[in-house]
Amino acid sequence: MALVASFLRALGYDVFNPAEVMPEFSADLPLIKRGERVDYAILENNQPRILVEVKAYKTNLDEAERGQLQRYFHATKARIGILTNGHVFQFFADLDEANKMDEKPFAEVNLLNLRQAPLSQLRHVTKPKFNLDELLGIAEELKYIKGVKDEIRKELTAPSD
């Protein structure tokens, strides 16, 4: 909690104002699943705009169960989600299909290695600069850049015919 709350505060959100950052926000799927709670929801006009799912500090997020955060996308109108273990923060959107979290994050911030983080692009996640349309555009750009880099890396390490 201390690590995540500090990160959200660094983004400009008031973690002590439940009208802005609501811990244990209800994300029930009517007639399907009750008692679902998002660890944190960043709210605007009482509606979640960013969902935050927190895993244990030593959890490898690439292998972590993302099902909870995926369900929360279905249950809310939020378009941005963050999966974190307190030091790595993966940012997800619903670019491929509305209200369905993309399979891969569009960005990642590792507090132990900030050189790799797309910090200038993620400024639109901060409270003073939050703009959903711009953020989704940046998310799409980052997603495709990451995909191209991954393909180049794959070809350099194991070239195809």
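This is a predicted model: local features need pLDDT of at least 70, side-chain atom pairs count only at pLDDT 80 or more; totals for chains, interfaces and linings use all residues.
Biologist: Where is the place of lysine 127?
Modeller: Residues are numbered from 1 along each chain as its sequence is written, and side-chain values use heavy atoms, with hydrogens and water left out. Helices (H or I, at least four residues) and strands (E, at least two) are DSSP runs, numbered from the N terminus. Lysine 127 sits in the loop between β6 and α3.

Biologist: What is the relative accessible area of lysine 127?
Modeller: Buried means under 20% relative accessible area, exposed over 50%, and partly exposed in between (1.4 Å probe, protein chains only). Lysine 127 is partly exposed, because its relative accessible area is 38%.

Biologist: Which residues does lysine 127 touch, not counting residues up to four places away in sequence?
Modeller: Contact means heavy atoms within 4.5 Å. With residues up to four places away in sequence not counted, lysine 127 touches Leu11, Gly12, Tyr13, Glu20 and Arg49.

Biologist: Which backbone oxygen does the side chain of threonine 126 reach?
Modeller: Threonine 126 is also found in the loop between β6 and α3, and at 16% relative accessibility it counts as buried. A polar contact is a pair of N or O atoms within 3.5 Å; within protein, one must be able to donate a hydrogen and the other to accept it, and residues adjacent in sequence count only if both atoms are side-chain atoms. At 2.6 Å, the side chain of threonine 126 reaches the backbone oxygen of arginine 123.

Biologist: Which backbone nitrogen lies 3.2 Å from a polar atom of the side chain of threonine 76?
Modeller: Threonine 76 is in the loop between α2 (67–75) and β4 (80–84), and it is buried, with a relative accessible area of 8%. Its side chain reaches the backbone oxygen of tyrosine 72 at 2.9 Å. The backbone nitrogen at 3.2 Å belongs to alanine 78.

Biologist: Why is β4 largely enclosed by the rest of the structure?
Modeller: Ile80, Ile82 and Thr84 point one way from β4, while Gly81 and Leu83 point the other way. In a regular strand the side chains alternate between the two faces of the sheet. β4 is largely enclosed because the buried residues number 5 of the 5.

Biologist: In which sense do β3 and β4 pair?
Modeller: Two strands pair if DSSP finds at least two bridges between them. β3 (residues 47–54) and β4 have 5 bridges, and glutamate 53 is the bridge partner of leucine 83 in β4. The sense of the pairing is parallel.

Biologist: What is the hand of the β-α-β unit made by β3, α2 and β4?
Modeller: A crossover is right-handed if, with the strands pointing away from the viewer, the path from the first strand over the helix to the second runs clockwise. The unit of β3, α2 and β4 is right-handed.

Biologist: Which glycine takes a positive phi in the hairpin of β4 and β5?
Modeller: β4 and β5 (residues 88–93) run antiparallel and are joined by 5 bridges. The hairpin has 3 residues between the strands. The positive phi, near 100°, is taken by glycine 86.

Biologist: What is the phi of asparagine 46, which is not a glycine?
Modeller: Most residues other than glycine have a negative phi. Asparagine 46 lies in the loop between β2 (37–44) and β3, and it is exposed, with a relative accessible area of 57%. Its phi is positive, at about 65°.

Biologist: In which element is confidence highest?
Modeller: The protein averages a pLDDT of 85, and 95% of the residues score at least 70. Confidence is lowest in α2, at a mean of 80. It is highest, at 93, in β4.

Notes. pLDDT is the predictor's confidence in each residue, from 0 to 100.
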